Amino acid sequence: VIEKLPGDIRYQPIIPINLHTMSIYEEVEFEDLDYDPSTQVYTYPCPCGDKFSISLEELWDGEDIATCPSCTLRIEVIYDEEDLPP
């Protein structure tokens, strides 16, 4: 028998996160992103000093939210699929 203790996170429900319901720091045009063809990742400077990033594959999959790995900020990338490289 496993005893559940108060605050034991092993028994907390997992709530899926929808990035679109979270606040967006800024809307950024696709053309303003920097692209690294070797990693196929687009980046944009974050005010914290790091960079927002989103992969080409994520953009092809319809994702439009780029996240910063160092803080909680996120941006929305404004683009049309025909703007993306093959």
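**Close-up 1. The hairpin of β2 and β3.** Let's start with a hairpin made by β2 and β3, which leaves 4 residues between the two strands. Look in the turn for Gln40, whose phi is positive, at about 55°. Keep in mind that this is a predicted model. The strands themselves, β2 (residues 34-36) and β3 (residues 41-45), run antiparallel and are joined by 3 bridges. To get your bearings, find Asp34: facing it in β3 is Thr43.

**Close-up 2. On to β3 and β4.** Strand β3 also pairs with β4 (residues 51-55), again in an antiparallel way, and here 5 bridges do the joining. One spot to look for is Val41, which has Ser55 in β4 as its bridge partner. These two strands make a hairpin as well, with 5 residues between them, and Gly49 in this hairpin has a positive phi near 110°.

**Close-up 3. Phe30 meets Tyr42.** There are 4 aromatic pairs in the structure. For Phe30 and Tyr42, the ring centres sit 5.0 Å apart with the planes at 50°, so this pair counts as tilted. Phe30 belongs to the loop between β1 (26-29) and β2, while Tyr42 belongs to strand β3, so the pair ties together parts 12 residues apart in sequence. Are these two residues buried or exposed? Phe30 and Tyr42 are both buried.

Note on methods
Residues numbered from 1 in each chain as written. Predicted model: local features only at pLDDT ≥ 70, side-chain atom pairs only at ≥ 80, totals over all residues. Heavy atoms only, no water. Pairing = 2+ DSSP bridges. Phe/Tyr/Trp six-rings, centres within 6.5 Å; stacked < 30°, edge-to-face > 60°. Buried < 20%, exposed > 50% of the residue type's maximum accessible area, 1.4 Å probe, protein only.
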